[in-house]
Amino acid sequence: MSETMTAEIADHPGIRPVADEQDRASRKASSIEMQGLHKRFGRDTVALDGVDLDIRAGEFFTLLGPSGCGKTTLLRILAGLEEPDDGTLVVGGKNVTEVPPHQRSVNTVFQSYALFPHLSVRDNLAFGLKMRGLPAAERNAKVDEIAEFIKLGDLVERRVDQLSGGQRQRIALARALVCEPDVLLLDEPLSALDAGLRSQLQVELLRVQKRLGMTFVFVTHDQDEAMVMSDRIAVLNGGNIQQVGAPREVYERPLNAFVARFMGHDNLYPISARQGDRLTTSLGELTAEDAGAGDLLLIRPETLDLLPGEVAGDNHLTATVGERLYRGSHAEFRLEIGDTTLQATVNNRGRHLPEVGETVTVVVAPEDLVTLSE
Amino acid sequence: MRKRTLHRGLTAFWWLTLTFLYLPLAVVVLYSFNSANSSANFVSFSLRWYHRLLGNEAILSAFGNSLVLAISSSLIALVVGCVFGYGMYRHRHRKLGWLIVLIYLPIVLPDIVFGISEMAFFVQIHEWTGLLQPGLGTMIIAHVTFQIPFVALIVYSRFVGLDPTLFEAAKDLYATPVKRVVHFMLPTIKPALISAFFLSFTLSVDDFVISFFTAGPESATLPIYIWGAIKKGVSPEINAIAALMIAAVALAAILSLAFSRRRPT
Amino acid sequence: MSYSGVMPSARSRAMVRETRHLLFTVTPGAFWIFIFLVLPSAYLMGVAFMTNGPYGLPQMPLSLDSFERLAGFGFLGWSPGNLYTLLRSLWQTLVSTALVVVVAYPIAYYITTCREKWRPLLLLAVVVPSWTNQVIRTFGWMNLLAPGTPLSGLAESLGLVAPNMGLYPSNFAVTLGLVYNFLPFMVLPLYGAFEKLDTAQVEAAQDLYASPMRAFWHAVFPQTLPGLLAGIVLVAIPAFGMYVIPELLGGGKGMMLGNLVANQFAGASNWPLGAAGAILMLLATFLGLYVMRRLGKRLGGGEEVVI
C-alpha cells in the first residue's frame, strides 16, 4: 500500500467525490450541535461536565485528550451507545438525544474494529445494509463498490480471522462508509497499528473524508495525529472542553497550560512581574509583541535562534548548552540559564551546532511569545 | 539419565491407569458376547443377549424414555439456560452474588440430596394439589434443573470471550433488538449452544440417582432398568445394554474429538 | 464537581430499563432453580425437624428425634449402627480422596510432559469412561471383582480374602469404585495447574536447591496447590454423599451415609431421619463451597476452579 495506491483510491469513480460547494451542500453530511452534555458513571465519576460544542457539516473534527478526559464518552453519546444524563444532541438539525443507536444515521469505526467473527468479510460489509432492509442485489452491488474503493475487492470472500491488522482497519472503515451515514465516528481507529502503517492510513483516511465530504468525528490521544488530520480540534480534559480551534491555533496559541503541555510544549515560565509588554520570568526580562493577560509565558522551542558566544541585544539571553540531541534534520538543545532550563530546536542547515558546555545566545522574537493562564 | 527413568516410570504408570480406567468397561463389552450365562468365565462368542434385547419390551420402553427425557430436558434447559447465561453476561458488572450461588447450587448439591428433596417435595405437592405425579414430567423438571447451570455457564463464557464492542457494532449498524439476537448473538454463540446441548444430553443420559428418585412406575429409563436388573440378580442381558451404551459414549467421544479438531482456533 | 442535584430522568430511566432486562433474562432460570431445588431442599430441611409418622411420612410436632436417631439413640437404647455408617462415610471419603490424589498427580503431570497436540487426546482418554453411566461403570467392577474372577482368584491365593468370597461386596470394593469414579475430577484441575506452571521458577529452584526433591517441594508443589485443593473439593463432596457405589459394591457392611438417607425414603421409611442425614451432607457441601469460594477469591476467578 503505497502513495500511488492512495492516489488511485482518490481517482476511483465508484464513490463520487465532491465537485463544488453546491454539490457539498447537497450531500448528506450533517452538522452536530451539543449543548450542556453531562455524563456521570457510578456515583462520582464525571465523564462529561457540561459540554457545548458545534461541529460543522463536512468537517474533519478531532476530539483530543488524555485517557479519561471524556472524549470517548462524547463519541459514544454521538453514536447513541451512551445516553447523556443531561443536555441535548442535535445531528443534521434533528434532536437525537434519545434516539437509539440503530435508528441514527451515524456509524462508528471502533478501536477494536469489532468485525463479526462469525461472518465473512462480505457479510460484515453488508451487515448494516441488511439490517436496514436493503435487497440482496443492491447490497451486493454496494459492497463490491466499497470493497473496490478501499482496494480490498479480492478479500471479500475471506474470513475475518484471515485478515491483517491494516486490512481489518480498512474493512471496519468500509463497513461504516457503505451505510453512507450523515456522520462517521472514529474511535482511535489507528491506535492498534504500527507507526508506518499508521501514518499511511492517516493520509488515506484524510483523502477519503475530503473526497466524500462526510462529517468525520475522530477521537485520539495523539496530538500529532490530530494536527495532521483535522480541520478543527477540541482539546478535552476532565470532562470539559479546554479549547476548540484549527490545529495551528491550538498548537501555537494554546489557551491554557493544560492545552500547551498536551500539545507537547515544555517551555512554560511563570511571569513574576510585567510592565506593559515587558515580562519578567526566571529566564530574565523579555519583550512580547502581543502578550495577552496570562500569567504563564510560553516559548516554543522551534521559534528560538542560537548564536555562538555572548551577543548583547534586546530579547537576547545568554545560556549554556546542557544537552544536545542530534536528530539529523534538526537538533534539540537543553539550555541552562541560571537555574532555569529552556528547550530549543534548531533546523540542521549544515551550520555550526553548539557543543555541550558551549556558551550561546538565545534570540527570542517578540512576536512568537504567547502568554496563557494556568 | 535420571530424568529418563522418571519419564519411563510415568509412562508405565499412565498405561497402568488407562488399563484401570477401561478394564471395567472392556469386561462389560466382552461378557456381552459371552454365550454362557456367567460373568466369571468367557465360554464362546455369541450374540444371543443382543437378540434377547430386541424382544424385551421393558428395555425398549426404557430406551424410549431415556431418549424422550434427554432430548426434551436438554431443549428446555437450552432455552432457559441460554437466556440466563446472556443475562449473567449482560449484567456481569453488577453484584450478582445470590445469582451465582443459585447457579452453582445444582452443580454442587450431592445427587442424593438433590434427588430425595425433589422426590419428597413432589410427593408433598402431589398430595396437596394432584399436580406433579411422579413420571416423565417430574423427571424432565429435575433434569432441566441440573442442566440449566451448565448451559448458562457455557453461554456466559462464550459471551465473555467476545469483544464487547461487537454488541455496540451491531447496534451501530442499524440492528434492532430482535435483529441483534437473530443476526448477531445466536450465530455467534452457535458453537456454544451446540456443545451445551450435547453436554445437557450427556448429563441426562448419565444421571441415575436423580432420575431414580423422581421417576414414576412407568417412566423407568435405561439406567433405572439396569439398576433394577442388577438388584434382581445379574443377567448377561445387562452386559449387552451396557455395552451398547458404552458404544454410544465412544461414538460421542470420537465425534467430539473430530469436532474439536475441525474447529479453527 | 459542578454538576449535582436530583438524579436526572434519563439516568433513572436507563436504570429501570437495565433492571427490567436483568429480570427478564435471569428470572426464568433462577425461578426454575428456586422452585424446583431451593424450595425442595428447604422443605427437606423442615422434614428433618418433624416426627416420624406412619408409613415413614413426616408429621407434627417438631422434634429433634431424627438427629438423636442419627446419633444412635433409638427405641432400644443406644446402638452404634448409624454412627458406624457416618464414620465409614468419612473414612471412605478420606481414603479414596487421598488415593485419587496419589494417582491423579503423576497422571496430570505426565500429560503436561507430552507434546501439546496430544494433550487434549490424553485428557479425553482419562475423561471418557466417566461419560458412561455410573451404574454401568460400577456394574463393570462387579463383574471384575465377583467371586471366581481372575482378580478375586489372585486375592484368594495371596490370602487377602477368604476362599470363595470374592473381592466384592466389601469396603475395599467401595474404595476402589470411588477412586475409579472420581479420578477424572482430580486430573482435570491438576492438569490445569501443571499447564500454567511457571517453568522459570522450577529452573531457578533447581539452580538454588539442587536436589530435585527439594526443588519440587519449593517450586512445583506450591504452584499446583490451587488445582489440588479444587480437585479435593470436587472429589470429597460427592464422595461423601455417594449412593450408587456403596449400594452395589458395598453390601450390608459397606453402607455409607447416602444409602442410609436413601433407605429412609424407600425400604426403611423414615423421612425425618433421612432428611436429617441429608442435612449433614448439605453442611458438608456448604463447607466445601465455602472453602472453594475462599480459594476462588484468593486465586482470582472462582468459576475457573469449579468447572
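This is a walk through a predicted model, chain by chain and then across the places where chains meet.

Some ground rules come first. Residues are numbered from 1 along each chain as its sequence is written, while chains are lettered from A and ligands numbered from 1 in the order in which they are written. Because the model is predicted, local features need pLDDT of at least 70 and side-chain atom pairs count only at pLDDT 80 or more, whereas totals for chains, interfaces and linings use all residues. As a whole, the model scores ipTM 0.89 and pTM 0.84.

Let's start with chain A. Its C-alpha atoms fill a box of roughly 80 × 50 × 40 Å along the principal axes. Chain A has ten helices and 21 strands; here helices (H or I, at least four residues) and strands (E, at least two) are DSSP runs, numbered from the N terminus. Of the 374 residues in chain A, 39% are buried, a word that applies if 20 or more other C-beta atoms, placed from the backbone, lie within 10 Å of a residue's own.

How is chain A divided into domains? The assignment gives domain 1 (3-258) and domain 2 (268-372), with bounds that come from an automatic or database domain assignment. The C-alpha centres of these two domains of chain A lie 40 Å apart. Where domain 1 and domain 2 touch, five residues come from domain 1 and five residues from domain 2; a contact means that two C-beta atoms, placed from the backbone, lie within 7 Å. On the domain 1 side there are three nonpolar residues, one polar and one charged. In this sorting, Ala, Val, Leu, Ile, Met, Phe, Trp, Tyr, Cys and Pro count as nonpolar, Asp, Glu, Lys and Arg as charged, and the others, Gly among them, as polar.

Now look at some strands. Two strands pair if DSSP finds at least two bridges between them. Strand E1 (residues 32-41) of chain A runs antiparallel to strand E4 (residues 86-91) of chain A, with five bridges, and A:Glu33 stands opposite A:Val90 in E4(A). E4(A) also pairs with strand E5 (residues 94-95) of chain A, again in the antiparallel sense, over two bridges. There, A:Val90 has A:Asn95 as its bridge partner. The hairpin of E4(A) and E5(A) has two residues between the strands, and A:Gly92 takes a positive phi near 60 degrees.

Further along, strand E17 (residues 316-326) of chain A and strand E18 (residues 330-337) of chain A pair antiparallel over six bridges, with A:Arg324 opposite A:Phe333 in E18(A). Three residues sit between E17(A) and E18(A) in their hairpin, where A:Gly328 in the turn has a positive phi of about 85 degrees. E18(A) is then joined by eight bridges to strand E19 (residues 340-347) of chain A, also antiparallel. In the hairpin of E18(A) and E19(A), there are two residues between the strands, and A:Gly338 in the turn has a positive phi of about 65 degrees.

Next, the meeting places between chains. Chain B puts 15 residues in contact with 17 residues of chain A. Helix H7 (165-172) of chain B and helix H8 (177-206) of chain B each give two or more residues to this side, and H7(B) gives the most, with six residues. The chain B side divides into seven nonpolar, three polar and five charged residues.

Between chain B and chain C, the contact takes 69 residues from chain B and 66 residues from chain C. H1(B) gives the most to the chain B side, with 14 residues, and that side has 54 nonpolar, eleven polar and four charged residues.

Finally, a word on confidence in chain C. Its mean pLDDT is 83, and 89% of its residues reach 70 or more; pLDDT is the predictor's confidence in each residue, from 0 to 100. Over residues 1-7 of chain C, pLDDT stays under 50, and the model has seven contacts beyond four places in sequence for them. Residues 300-307 of chain C are also below 50, with 14 contacts beyond near neighbours in sequence.

Notes:
A residue is buried if 20 or more other C-beta atoms lie within 10 Å of its own, exposed if 12 or fewer, and partly exposed in between; C-beta atoms are placed from the backbone.
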